[in-house]
Amino acid sequence: VNTLIHRYLIREMLPPFGITLIFFLFIFLMTKLLEVTNFVVNYDVDAWVIGLMLLYSVPFFLQFVIPMAVMMGVLLAFLRLSSDNETVAMKACGISVYRVLGPALGFSLLGTALTAWVTVYAMPWGSTALKQMTLKLAASSLEVGLKERSFNDQFEDVVVYVSEVDPQDGTLRHLFIEDRRNPEVISTIIAPRGRLIKSTAALSAHLQLDEGSITQVDLATRSANAVHFDRYDLRLNLQLNAAKKRGEGKHRSEMSLAEMRAYLDSYPQKDTRYYRSLMDYHKKFSIPLAGLVLGLLAVPLGFQSGGARKSYGVGLGLILFLLYYVMLTAGWTYGKTGALPPLVGMWAPNLIFAGLGIFFLLRCASDRSLGFDQLYAWFAHLWCRHRWRDNGAP
């Protein structure tokens, strides 16, 4: 009997899991739609290249989508059983929530394992492949890397702000440039127009500027001077090329677990960069475990939802995941500065939601209310009082 029930529950969980996974992955990929459309329309980048760029971005989104899909799969499956009174029939047959907890936890563990594979292996692969493709695009068309109305820092010690990029002839308009390649002198360049000219050297270019001005500030003598020019050529090296020349290693998003651990052990001081790397290291473990934690929380919520509709389950799932993500973001914000230990920042949401899941599960097993009906009644009472006052009642 247990095997039959377990297989039945797994079949109920798979469809909402798959639909949620595909739907939200598509939504996340849509955030890159404007960027890829700009590449296709203005720079004639091949559609196959765009497809590969989206493919390499998928692992980053999957680390968040899979735990959410696991939670929605478990929640909607038990919600469907509850709405059809199948949970009542299970209780009448002596089947408690603990006996149906196994399939939910097993399903959540599979989601956790899949998310762990994504964070540990797929994400470094995707980041490395996307970086290599960016290098190729930058070498073939440097204008692709320049974003309008943004501070572009892909050049070595040079920040370039471009108000407008003409897709027809590549003319750059209204440029603001800060050059910090000389540590003793900061140069600020303003020009109404310019053009990027690719150099014969790999990953470098000349920025040809017309009718602008240069303001130089000498930090040692605290003096400044300004020069006007009709034409000025500025040599630029891409940041990736500069890092390669300096012999720098991979970015933390491209590192394996062993490489990240060695990087952290050899880091000279505990600054913001160190804490960011330590947060990324803990995130590779805490994010996958979110699938198990959220799946555990979804069991009692779905098991005791009575005749609630699926829209209720979808809304509740979105609210819970949003709350989890807000807590995770807060932990990341405080943890990367060292104000909060990275261990606490990355693991506190899991501990809090696991505690809620166990608490609700115990109440569900003893046929006690989870408290949502009282909370709903309280909000409904406040809403009625608010509407009553708006209608002019004393």
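## Close-up views of a predicted model

**View A. The lining of the second largest pocket has 13 nonpolar, 1 polar and 1 charged residues.** This structure is a predicted model. The second largest pocket has a volume of about 360 Å³. Its lining counts 15 residues. F64, F321, Y325, L328 and T329 are the lining residues that lie nearest the pocket centre. The elements that give two or more residues to this lining are α1 (2-30), α3 (47-83) and α9 (310-335). α9 gives the most, with 7 residues.

**View B. A salt bridge joins the side chains of E12 and R80.** The N to O distance is 2.9 Å. Side chains of opposite charge can pair when their charged atoms come close. E12 lies in helix α1 and R80 in helix α3, so the pair ties together parts that are 68 residues apart in sequence. Across the structure there are 9 salt bridges.

**View C. A nonpolar patch lies on the surface.** The patch is formed by F23, F26, I27, M30 and L33. Together these residues have about 470 Å² of accessible area. Which helix gives the largest share of the patch? α1 does, with 4 residues. F26 is one of the patch residues, and F26 is found in α1.

**View D. Strands β1 and β2 form a hairpin.** β1 covers residues 150-155, and β2 covers residues 158-165. The two strands run antiparallel and are joined by 4 bridges. S150 has V162 as its bridge partner in β2. N152 has V160 as its bridge partner in β2. How many residues sit between β1 and β2? The hairpin has 2 residues there. D157, in the turn, has a positive phi of about 55°.

**View E. β2 pairs with β3 as well, in the antiparallel sense.** The pairing of β2 and β3 runs over 7 bridges. V158 has D179 as its bridge partner in β3. These strands form a hairpin with 5 residues between them. In this hairpin, G170 takes a positive phi near 80°.

**View F. H174 and E211 have positive phi values without being glycine.** H174 has a phi of about 55°. Where is H174 placed? H174 is in strand β3, residues 171-179. β3 is the strand that pairs with β2 in View E. E211 has a phi near 50°. The place of E211 is in strand β5, residues 204-218. To locate the pair in the model, look within β3 for H174 and within β5 for E211.

Note on methods: Residues numbered from 1 in each chain as written. Predicted model: local features only at pLDDT ≥ 70, side-chain atom pairs only at ≥ 80, totals over all residues. Heavy atoms only, no water. 1 Å grid on protein atoms, 1.4 Å probe; cavity = no way out; pocket = protein on both sides within 12 Å on 5 of 7 lines; lining within 4 Å. Points joined across faces, edges and corners; volume = space filled by probe spheres on them. Nonpolar A, V, L, I, M, F, W, Y, C, P; charged D, E, K, R; others polar. Patch = residues over 30% accessible without salt bridge, like charges linked within 9 Å, V, L, I, M, F, W, Y side chains within 5 Å. Areas by Shrake-Rupley, 256 points an atom, 1.4 Å probe, with all protein chains shown as cover. Salt bridge = Lys/Arg side-chain N within 4 Å of Asp/Glu carboxyl O. Pairing = 2+ DSSP bridges.
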